[in-house]
Amino acid sequence: MLSSAATSIIVVLIVFFLFMEGAGVFTKKPIEDGFLLAVSPSNPVKKLEPSQIKDIFDQKITNWKEVGGKDEPIVLFRTSDISTYYTDEELGENFEFFPAKINELISKQPGIIAFFSDKYKAENFSGRELEINKIKVFEFLSGEEWFPTAQPIAQMGVKPLIYGTLWVSLGAILIALPIGLAAAIFLSEIARKKVRNLVKPLIELLAGIPSVVYGFFGLVVIVPLIQSTFNLPVGETGLAGSVVLAIMALPTIITLSEDAMRNTPRAMKEASLALGASQWQTIYKVVIPHSASGITAGAILGIGRAIGETMAVLMVTGNAAVIPHTLLEPVRTIPATIAAELGEAPNGGLHYEALFALGCILFIITFGINLLVELVSSKQKHKKH
Amino acid sequence: MNKSKLLLFLPLLAILSCGKSKSDEKDATQNTASTSVTIKGSDTVLPLAQKEAETLMLSDKGISVTVVGGGSGVGITALMDGTTDIAMASRDLKTEEKLKFSESKKEVEKVTIAFDALTVIVNPANKVSQLTRQQLEEIFTGKITNWKEVGGADEKIVAYSRESSSGTYEFFKEEVMENKNYATNILSLPATGAIVQAVGQTKGAIGYIGLAYETKEVKQLGVSYDEGKTFIEPSVANAKNKTYPISRPLFYMFDKTNANKVKPIVDYALSDEGQKIVGEIGYVPLK
């Protein structure tokens, strides 16, 4: 009683913490803290979308007229570019003339877009700061580009990541469930005792292999296999992730389903056989319905492992943040993103909070799946009684 | 029930006792050491600094060195705050950082301890053996998508990159792509070994790795930084004489007022023995 209360409280606290950190991303602007983007005062452009700013700094947009301004080439300016305009002497020994020089530069260059720290914004600053909106929930979810470290504006679109996670997990469960069920039926109903005693511990052993080992196995064996089978330019695909995850989820599904099937009362099975049903009819009319809850439990835990699995997926799916159209394309999943990027994200910064928000999304997805399964299995129970 | 509890306790006890004995050892070394120096910063320099610190501590019992990673930025910030004696960095100070040091009236001395060079690699079956910087930029920003555009076979280009947390990712972005962002469909892998593996088994692949990792499974490309006039083959010799363009110096940075304290470590890094370790770790020695 006490321990279950304590566990629930801890779980609620963890979820609360997760959402607290994750919500932080929506109070921030996608520009680095303390930095600003400024343009010349004569420039009519007042507002730019984050994607436009990225294209400007990637030199894909090179003229102001493409974003609704005058016909003027865009001049990029980052703080470190100051040395191409002014010598160290002009900036002063301790950079005391820095703000004044930036000021001068902005008023001199009509096509400039400058990215610098607001510490060097002069008191009589002549340029005009571009307005940057805070990140909105809708934009966060529907954005299609994930460049959390892009300078000057971070691109926070998680749509490709959500799709990637769902595709890979769905593929995994589609592969694992039939194989797992078949193996469970074989072990519980068909195999002789000797065979079962040999095979079952072997399958359980699969669960003990570290996921990095699975990942490496996937990279060396499954990836080239997929590449040559489907004649693809690249083998690191969602399918490779699905196959690896399916192998990883198999022990859970097999063990749980097999246990549930073996718990079918002997009397029920014998009654079915006595009525003239064949062994197969007994299996799918009596054994499987009776053990349905065990099988669903196995499937949930299997999906849970698949969705949350990090390392193996990180190594085999290629991690390109593009929206996949088939399973034969590289994908990037949410857990892989969190694992790969959290180490570098500064504590409490925008990137850090965005990763927590990704964690929230992952939580909501798994929570939704669990709810769905609960709903389905409770309906089945009602039917039975 | 009791038996299983005991079984649970045993490994716990074992873990606890391990921790204890380790901390004892640490105490012992700290007692004998007269100076203790902290080195913090770049993960690129980390293995080198660690190896050098280990061998230095073996030969000189009077010194104790703690090496911590975290990234160049972390090390430089720690140097500003005075929480580390030496900052390891795989890049020069940024203008912002120079400004901050001058604000806090600190003079920073930086010493180059080695060079790190990147090699662009492709599958051995690829006909292309050299590319210009411009072509590399267009491949990694997604403008060039087929090998025939750069003189190869009619094959889709599959570009591999490191994860964004890696210093190599940033270095390649700054040095080769002139700060432009990677295309979204670039595949990113968590480790250099994985990139070598992937490029070795994917026909149209291209990737970049540290010069030291050269293996027979992949082909290294010559690069040109003057629009195709001269192509330089990646080799330790070319990196040493600075003709190979995609290379960067690795630094130890420290406060000038602290120079005496860190001198043994910096001297060791520059000594013949230290430079030998540079080669062993896989970077390019200074001489």
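Does A:Asn231 count as buried or exposed, and how many C-beta neighbours does A:Asn231 have inside 10 Å?

Guide: The model is a predicted one. In it, A:Asn231 counts as exposed, because 6 C-beta neighbours lie inside 10 Å and a residue is exposed at 12 or fewer. A:Asn231 is placed in the loop that links helix H9 (211–229) and helix H10 (238–262) of chain A. Its backbone deserves attention as well: phi is positive, about 55 degrees, although A:Asn231 is not a glycine. Most residues other than glycine have a negative phi.

B:Lys105 is not a glycine, yet its phi is positive, at about 55 degrees. B:Lys105 sits in the loop between H4 and strand E4 (108–122) of chain B, and with 7 other C-beta atoms within 10 Å, B:Lys105 is exposed.

Six of its eight residues are buried, so H15 of chain A is largely enclosed by the rest of the structure. The buried residues of H15(A) are A:Ile334, A:Pro335, A:Ala336, A:Thr337, A:Ala340 and A:Glu341.

The unreviewed UniProt entry places the feature "transmembrane region" at residues 6–26, 161–187, 207–226, 238–256 and 354–376 of chain A. Residues 6–26 of chain A are 86% helix and 0% strand, with 31 Å between the end C-alpha atoms. For residues 161–187 of chain A, the span is 100% helix and 0% strand, and its end C-alpha atoms lie 38 Å apart.

Chain A also contains an open sheet of four strands, ordered E2-E3-E1-E4, with mixed pairing. Its edges are strand E2 (75–78) and strand E4 (128–129) of chain A, each of which pairs on one side only. E2(A) and strand E3 (residues 112–117) of chain A run parallel and are joined by four bridges; A:Leu76 has A:Ile113 in E3(A) as its bridge partner. Helix H5 (residues 98–108) of chain A packs on this sheet, where it touches strand E1 (35–39), E2 and E3 of chain A. The direction of H5(A) makes about 165 degrees with that of E3(A).

Chain B is divided into domain 1 (35–115 + 249–281) and domain 2 (116–240), whose C-alpha centres lie 30 Å apart. Nine residues of domain 1 of chain B are in contact with five residues of domain 2 of chain B; the domain 1 side has three nonpolar, five polar and one charged residues.

Between the chains, 26 residues of chain B are in contact with 34 residues of chain A. Helix H4 (95–103), strand E7 (187–189) and helix H7 (192–201) of chain B each supply at least two residues of the chain B side. By class, that side has eight nonpolar, 13 polar and five charged residues.

Technical notes. Residues numbered from 1 in each chain as written. Chains lettered and ligands numbered in written order. Predicted model: local features only at pLDDT ≥ 70, side-chain atom pairs only at ≥ 80, totals over all residues. Domains from an automatic or database assignment. Contact = placed C-beta atoms within 7 Å. Nonpolar A, V, L, I, M, F, W, Y, C, P; charged D, E, K, R; others polar. Buried ≥ 20, exposed ≤ 12 C-beta atoms within 10 Å, placed from the backbone. UniProt positions renumbered as here; feature names shortened; annotations may be inferred. Pairing = 2+ DSSP bridges. Axes fitted to C-alpha atoms, helices over the stretch in contact; angles between N-to-C directions.
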